[in-house]
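Here are my notes on the charged pairs. Please read them with the model open.

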Amino acid sequence: MTVNRTDLQRIMASLQQSGMTVEAVDDGALVQNGESRVALFAEADPQGGVIVRLHLDLELYVEEDSLPDILMGMNLMNQGLDYGSLNLDPVDPESSEPDEDDLDPDAPLMFAVLGRSVLWLQNLEKAELERLREHLRRFETEVTETVERTLHGPTGISA
């Protein structure tokens, strides 16, 4: 069940009015507040309200050989997150040549590290849209800072 386009436009307009840069995409929006771009998707909740899904591409990729260590590290990082979580999404293998049909079957699988969050809005009134703005801001800040602190901190990631 998808939210109607008018509701998505109301969400986008509200975010723009608060100073965020918002760009429409096929089935959602890209929201920029600072340096990060968060994909926002909205759908109607069958029981009422609107479900907003947020996706933050961290531009981090891991190979399947590193998964045990990465998953353990992500689990530890997720324990400290209040507004979202880190997830892995498989990356579609791409061929090096546009007309090349056969992919290297021995190439390791790659996964993208993404920040994800879900927020339920009771309605699209001013207070709920303000709650969305604050959640979006905190989600982006929290996930970005956690990953940067882990990657660039004194111990770093060993995997």
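1. Start with E134. It is partly exposed, at 26% relative accessibility. The model is predicted, so treat this value as computed from it, since partly exposed here covers the range between under 20% (buried) and over 50% (exposed).

2. The partner of E134 is R138. Their side chains form a salt bridge, 2.6 Å from N to O. R138 is also partly exposed, with 35% relative accessibility. Both residues sit in helix α3, residues 126–152. They are 4 residues apart, about one turn of the helix.

3. A network of salt bridges links E134, R137 and R138.

4. D89 and R116 make another salt bridge, at 2.3 Å, N to O. D89 belongs to strand β5 (residues 85–90) and R116 to strand β6 (residues 110–121), so this contact ties together parts that are 27 residues apart in sequence. D89 is partly exposed at 23% relative accessibility. R116 is partly exposed too, at 24%.

5. E23 and R37 pair through their side chains as well, with 3.8 Å from N to O. The cut-off for a salt bridge is within 4 Å. E23 is in strand β1 (residues 21–25) and R37 in strand β3 (residues 37–44), so the bridge joins parts 14 residues apart in sequence. E23 is partly exposed, with a relative accessible area of 40%. R37 is partly exposed, also with 40%.

6. For the overall tally, the structure holds 7 salt bridges. The pairs above are among them, including E134 with R138.

Terms used:
Residues are numbered from 1 along each chain as its sequence is written. This is a predicted model: local features need pLDDT of at least 70, side-chain atom pairs count only at pLDDT 80 or more; totals for chains, interfaces and linings use all residues. Side-chain values use heavy atoms; hydrogens and water are left out. Helices (H or I, at least four residues) and strands (E, at least two) are DSSP runs, numbered from the N terminus. Buried means under 20% relative accessible area, exposed over 50%, partly exposed in between (1.4 Å probe, protein chains only).
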